[in-house]
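Visitor: I am new to this structure. Please pick one part and take me through it closely.

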Amino acid sequence: MALRAALRKSCALTGLFCQLSSSRHGRVCASPVLVAQQRNSSTAQNIKLDFDQSTGVAVMHMQCPPVNALSLEFLTEICITVEKLEMDKSCRGLIITSSQPKVFSAGLDLLEMYETSTEHRGEFWRAVQEMWLKLYSSKLVTIAAINGSSPAGGCLMAMTCDYRIMADNPRYGIGLNETQLGMVAPFW
């Protein structure tokens, strides 16, 4: 309740989402400029994190070109970022979005997953499981601001958040590709 009130008070959630996703690719919204004191703003290799102290809301921008494929390194960065935010008592919510145009996350990095040893694949699947469990069980209110297509692992990431908001564009899709093929992933 307090997070919702803080979000409404500082700027409408719709306005914030439109600010994150407004471009020529989705619905363009006139949104208020998010003016706030920011602290703990950091940039990891694949993640840009902005934390707004006045609202207690962090925005994680995934920036792993070209499609935010979930590699072992990227999955580890996501888990570490969530853990750090959970340890910060002033952080109450996390919005996950993409810095890449037209795509939230294309899912698992298939090349990394299949062109490696059996041990590496096991470590990769453990990292996938850790990522979705961290998001699903987080004490933070988590919101997936889906500003592009989100198949497979990208859909899994979005589903583990408490709330999901998707840009209004008929070209953007979301879903689990494996179900259309009758597959269960992982296969064991």
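Guide: What follows is a close look at helix 3 and its contact with helix 5. This is a predicted model, in which local features need pLDDT of at least 70 and side-chain atom pairs count only at pLDDT 80 or more, while totals for chains, interfaces and linings use all residues. Residues are numbered from 1 along each chain as its sequence is written, and side-chain values use heavy atoms, with hydrogens and water left out.

Helix 3 covers residues 72–87. Helices here are DSSP runs (H or I, at least four residues), and strands are runs of E of at least two, numbered from the N terminus. At 1.5 Å a residue, the 16 residues of helix 3 should span 22 Å, and the 23 Å between its end C-alpha atoms agrees. The expected span is 1.5 Å times one less than the number of residues.

Now its partner. Helix 5 is residues 118–136, and the two axes come within 9 Å, crossing at roughly 30°. So helix 3 is roughly parallel to helix 5 (angles under 35 degrees count as such). On the helix 3 side, the contact (heavy atoms within 4.5 Å) includes Leu72, Leu75 and Ile78. Helix 5 brings residues including Phe124, Ala127 and Met131. The contact residues divide into ten nonpolar, one polar and five charged.

Key
Axes are lines fitted to C-alpha atoms, for helices over the stretch in contact, and angles run from 0 to 180 degrees between N-to-C directions. Angles under 35 degrees count as roughly parallel, over 145 as roughly antiparallel, 65 to 115 as roughly perpendicular and the rest as oblique. Ala, Val, Leu, Ile, Met, Phe, Trp, Tyr, Cys and Pro count as nonpolar, Asp, Glu, Lys and Arg as charged, and the others, Gly among them, as polar.
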